[in-house]
Amino acid sequence: MTSQIFPSDVQQSLDLVGIFVFALSGGLLAVRKNMDIFGICVLAEVTALGGGVMRDLVIGATPVAAFSNLGYFVTPLLAGLVVFFLHPEVERINRAVQTLDALGLGLFCVTGTAKAHDYGLGAVSSVALGMVTAAGGGVMRDVLAGELPSLLRWDREIYAVPALVGAALVAVLIALGSLTAATGTAAALTAFILRMLALKYGWRAPRAWHRNGSRTSEE
């Protein structure tokens, strides 16, 4: 199968690391929103698994991986507990968390696109689901926390765009019959590097202009 880019044990290990880091970001937002331990664990679970669940439901891969693999379900709970007990320490290493989050973004946009292709979707749909796999959990997290999703906010560095670029590269590689562990890793690293550059230089998507040439209101 196309989605078996890496050996299964390597794939599982990478997935669990990405899930854990995504869950940390969900747990930290819950702490900032003054949620209790249940809320922290819920946001951790949703952030880590939401994108993959949406993808699997769309392509009909049921039962979804998040619930058929105990490790996938338990890992966000562990991350939620880490945040509950150690959130000041986790906040202090937020830059490292963002770096690992960017790596997870790159990994999941690649594997999400490949899995969608395996279930018969075309290139455009596979790319869209690759982006959903990588960023969908964050959208669900923000909605549950009562915030405008980060990837829709003009004042946040681009997040979905790197995922789209990585997913598009995977679609091209599949079309050329060239998707391997090496090329898949290169696509993931491309998304990772774009995200890190966006964080470093504050890259944001352009906003609409008024006809008089000025930016639209920031409100």
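Leu 121 counts as partly exposed, at 23% relative accessibility. In this predicted model, Leu 121 sits in the loop that runs between helix 5 (94–118) and helix 6. Not counting residues up to four places away in sequence, Leu 121 touches Ile 59, Ala 116, Ser 126 and Leu 129. One of these, Ile 59, is 62 residues away along the chain, yet the C-alpha atoms of Leu 121 and Ile 59 are separated by 7.9 Å.

## The chain as a whole

The protein chain is built with eight helices and zero strands. Its pattern along the sequence is α-α-α-α-α-α-α-α. The C-alpha trace spans about 50 × 45 × 30 Å along its principal axes. The radius of gyration of the protein chain is 17 Å, which agrees with the value near 17 Å that a compact globule of 219 residues would have.

Of the 219 residues in the protein chain, 45% are buried. Among the contacts with a separation of 6 or more, 74% are between residues 24 or more positions apart. The protein chain exposes about 11000 Å², and 66% of this area is supplied by carbon and sulfur atoms. As for charge, there are 15 positive and 15 negative side chains. The centres of these two sets lie 9 Å apart.

Is Asp 56 buried or exposed? Asp 56 counts as buried, because its relative accessibility is 1% and the buried class takes in values under 20%. Leu 57, in contrast, counts as exposed, at 55% relative accessibility.

Leaving aside neighbours within four places in sequence, Asp 56 touches Ala 61, Val 64, Ala 65 and Lys 115. The contact with Ala 65 includes a polar atom of the Asp 56 side chain, which lies 3.1 Å from the backbone nitrogen of Ala 65. Asp 56 and Asp 101 are 45 residues apart in sequence, and their C-alpha atoms are 21 Å apart in space. Under the exclusion of neighbours within four places, Leu 57 is in contact with Thr 62 and Val 64.

Thr 62 is also one partner in a cis peptide bond, which joins it to Pro 63 with omega at about -5°. Pro 63 has its place in the loop between helix 2 and helix 3 (65–68). The loop between helix 1 (8–32) and helix 2 holds Asn 34. Phi of Asn 34 is near 60°, a positive value in a residue other than glycine. Asn 34 is exposed, with a relative accessible area of 71%.

Thr 133 is found in helix 6, which covers residues 123–144. Thr 133 is buried, since its relative accessible area is 7%. Where does the side chain of Thr 133 reach? It reaches the backbone oxygen of Leu 129, at 2.7 Å. Leu 129 is also among the residues that Leu 121 touches. Beyond four places in sequence, Thr 133 touches Gly 51, Gly 52, Arg 55, Phe 108 and Gly 112.

Thr 111 has its place in helix 5. With a relative accessible area of 8%, Thr 111 is buried. Thr 111 and Trp 203 are 92 residues apart in sequence, with 25 Å between their C-alpha atoms.

## Accessibility in one place

The table gathers the relative accessibility of the residues described above.

| Residue | Relative accessibility | Class |
|---|---|---|
| Asp 56 | 1% | buried |
| Thr 133 | 7% | buried |
| Thr 111 | 8% | buried |
| Leu 121 | 23% | partly exposed |
| Leu 57 | 55% | exposed |
| Asn 34 | 71% | exposed |

Note on methods
Residues numbered from 1 in each chain as written. Predicted model: local features only at pLDDT ≥ 70, side-chain atom pairs only at ≥ 80, totals over all residues. Heavy atoms only, no water. Helix = DSSP H or I, 4+ residues; strand = E, 2+ residues; numbered from the N terminus. Buried < 20%, exposed > 50% of the residue type's maximum accessible area, 1.4 Å probe, protein only. Polar contact = N/O pair within 3.5 Å; in protein donor to acceptor, adjacent residues only side chain to side chain. Contact = heavy atoms within 4.5 Å. Rg over C-alpha atoms; globule rule 2.2 N^0.38 Å. Areas by Shrake-Rupley, 256 points an atom, 1.4 Å probe, with all protein chains shown as cover. Lys, Arg positive; Asp, Glu negative; His and termini not counted. Charge placed at Lys NZ, Arg CZ, Asp CG, Glu CD.
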